[in-house]
Amino acid sequence: MQNPYLPYPVRIDEIVTETEDKNLKTFKLVFLNPADEEKFYYKAGQFAELSVAGKGEIPIGIASSPTEKGYIMFTVNKVGLVTTHLHSMKEGDVIGIRGPLGNSYPWDILQGKNIVIIGGGFAFTTLRSSIVYMLDPVMRPKFKDIHVIYGARSPEMLLYRDELAGWENSSDINMHITVDATDDPDWKYNTGFVPTITEQKALPGNAETYAIICGPPIMIKFTQPVLDKLDYAHDHIIMSLEMRMKCGIGMCGRCNIGKEFVCKDGPVFTLAQLDKMPKEF
Amino acid sequence: MNLGYTMKVVRIDKKNWVGDIENLSRSYRLFGPVKDDNFHRFEELDKDKLPDLDYFNTRLSPKSIVYPQSETMFEYCLDERKKDHHVMKEASKDYSQRAVIGIRPCDAAAFLLVKRNFDTPECKDPYWVKAYEATTFVGLACNNPHSACFCTTAGCGPFHEDGLDILLIDAGNHYFAKIITSKGENLLKAAGWDTKVDAGKEIESMKQNAETGITSFIATNKLKDKITADLFDAPFWEDMAFACINCGTCTYACPTCWCFDIQDEVHGCSGTRMRNWDSCMYPLFTLHGSGYNPRNTGMQRVRQRFMHKLKYYVDKYDNGIQCVGCGRCVSLCPVNIDIRKICNTMNSYEK
C-alpha cells in the first residue's frame, strides 16, 4: 500500500528573493531520486505539501509549469513556522515534497477558448504555471486570445518581473500589468486596482471566454461584480481557493466547505459551484 | 466478508472463559474493556488480564484501537553528517492480528462509517486501513441499553451485526457467539469454541427485548432532501451553540469523529512526524497563516460539527448519518448539548 503521507526528498537548487520586502522567495527544487520526478506528474493549478523535517508541512501552489522539466518551483510567502524556517534555508538543503494534490484548472474545457487571467499580489503562482504552460510552443495554438491582468501594491512587489517583461514583448499574450500606486516616473504600465483594470481591459464574457481569478479576498470581492457587468456566466469564472490544510488528500477534515474538501475536490472551483456551497470561506 | 449461509451459533460456557481468553492471547493481541476508577476504557490486555464485560460502555470509544490518539508516521535524522539526514523514513508498526473482545455493536458499526473516509478508491490511509484489516471485532450485544442510547434510529441497534466478526450474547451462565464473518470463524477456532447450538429463537427474543429498551429516538428521514445552504443559514444555530464552551469532549469521545492533525516533534538530532486526533471545536483547526479564520466563532464550529455529521456526510456517501447513536456526547457534554435535539430540529426545519 502506497503511503500518501510520505514526501519525496528534494534538494533546494536555487532560491530567488522575489519582492522588495523580501517576504517572498522562489524555491527551485530538484528530486533526489530522479524516478520520483516522473511519479510527480502534475497539471497547472495543482498544489503540493512542502515538508520541512522538524517543522512540518505547508500546502503551496505549484509555480512551475508541467512543460518545465528537471525541477519544480514554489514561491513562498513568509508567514508562519514552516515558511519562516524555509526562508532561512540555503541552496543544497534537503526538504520534502508531497503531491501533486488537488484538481487543476480545467484544461480540457479551456482548450480552444479565450483565457482571461486575473491575479493579485502573491497569489500569482499557479497563474504563472498556467501562463508558461499555455505559452509553450506546442500548447499555444490550442488556445485563442490570452489576456493577463496582474496587479500588486507597487512595482517592487510584482512576482517574476523578468518574465513579465518578456511576456509584455510577446505577441502571444496580452499583458495588463498594474500597480496600486507608484512614484516611479518611468513606470510604463497601468496604475489602478485590479477590478478597475479588469473593467477596462478584459474581454467581454461569452461562451468562448473563461476568466481565471486568483488573489486576496478583497480583490475577488470587487472583481466579481465587474465580471458580472461584463456578462461572464458563473460557470465561466474559475477560482482557486486557499484553506488551512494538513493531509492534502481529503482525510484530516479541516478544509471543507460544506461537503467539498478544498484539498481534494478543489482548490479550483467555478463560481457556479461556489454559489451552491455554504458561504464559509 | 459476511458468510453466505445461515449463521452459526456456538455456546461458550463462562466457567471456561479464562482458558478461552488465554487460548486467544496466543494468536491475537487482545484488547478489551477494563475498569478504570468509575469508568471503563479499552486497553490492550496483558497476559492473564480478562476483559471486564460487566459494563454499559466505555467513556471513550474504542476507535483508538485502530486509530490511536497519537501515532508516529515517520522518523528522521537532522544531523547533517549522517546519511539520509532530513529524509522521512516510515516508522515501524505492529500490524499483527489483534482482536477486540466485548466491543458494543454501535462502536463496531462506527468503524464502517469512518472507513468511508480513510479507505477510498483513490486513496487509502495506510495506518488506519492496515490496523483495521488486522483487527477481529468480537461484539457484546446490549441486553440493557442505556437511557442516552438512540442506536435503533441511527442505523444501528443493540444486537446490530454490521462491522462485527462475532456477536457475543450474554445469556447468564454462558454466552452465545454468533459467527458473522470468516475472520470470526478463524477466531472461533483459535479460542476452541465448538459447541454448536440452535439458539436462533432465544437470541431473537433477547434482541427484541433489548430493542424495546431503547427509549430515545431521532428522525433523519428528511435530512437528505434539505438544501445545504438553508440548513447552514438556519436561525437556530446561535441558540443551539449558545452554551457550548468548545471543549471538544464530544469529538474525543465520539466513535465516528476522525479529524486529525500532523505535527513534527524533535528531540536533539532526531525527529518524528506525528498524527494526533484534532477537533473541529478548536479555532486553530482552521486558522489560516494570514490570521483569517473561516470558522472563527464558537457557533460556526458547532454548526460545522453537526452539519458534517447530519448533512454533509449524508450527501457525500448517501448512506445515512455519521452517528451510531452511542449517546456518549449526550452523556458527557458539560453544557447538555444534545445531538438528538439538533438532529430533530434539522430534520424538521422548513425555511
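Me: Domain bounds come from an automatic or database domain assignment. Which domains does the assignment give for chain B?

Reply: The model is predicted, so local features need pLDDT of at least 70 and side-chain atom pairs pLDDT 80 or more, while totals for chains, interfaces and linings use all residues. Residues are numbered from 1 along each chain as its sequence is written, chains are lettered from A, and side-chain values use heavy atoms, without hydrogens and water. In chain B the assignment gives domain 1 (8-212) and domain 2 (228-348). Their centres, taken over C-alpha atoms, are separated by 25 Å.

Me: How many residues of the two domains are in contact?

Reply: Contact means heavy atoms within 4.5 Å. Here 42 residues of domain 1 of chain B touch 39 residues of domain 2 of chain B.

Me: What area do the domains bury between them?

Reply: Buried area is the accessible area (1.4 Å probe) that two parts lose on being put together, summed over both. For domain 1 and domain 2 of chain B this is about 3500 Å², with 58% of it on carbon and sulfur atoms.

Me: How many salt bridges are counted between the domains?

Reply: A salt bridge pairs a side-chain nitrogen of Lys or Arg with a carboxyl oxygen of Asp or Glu within 4 Å. The count between domain 1 and domain 2 of chain B is three. B:Asp107 forms a salt bridge with B:Arg328, and their closest N and O atoms lie 2.7 Å apart.
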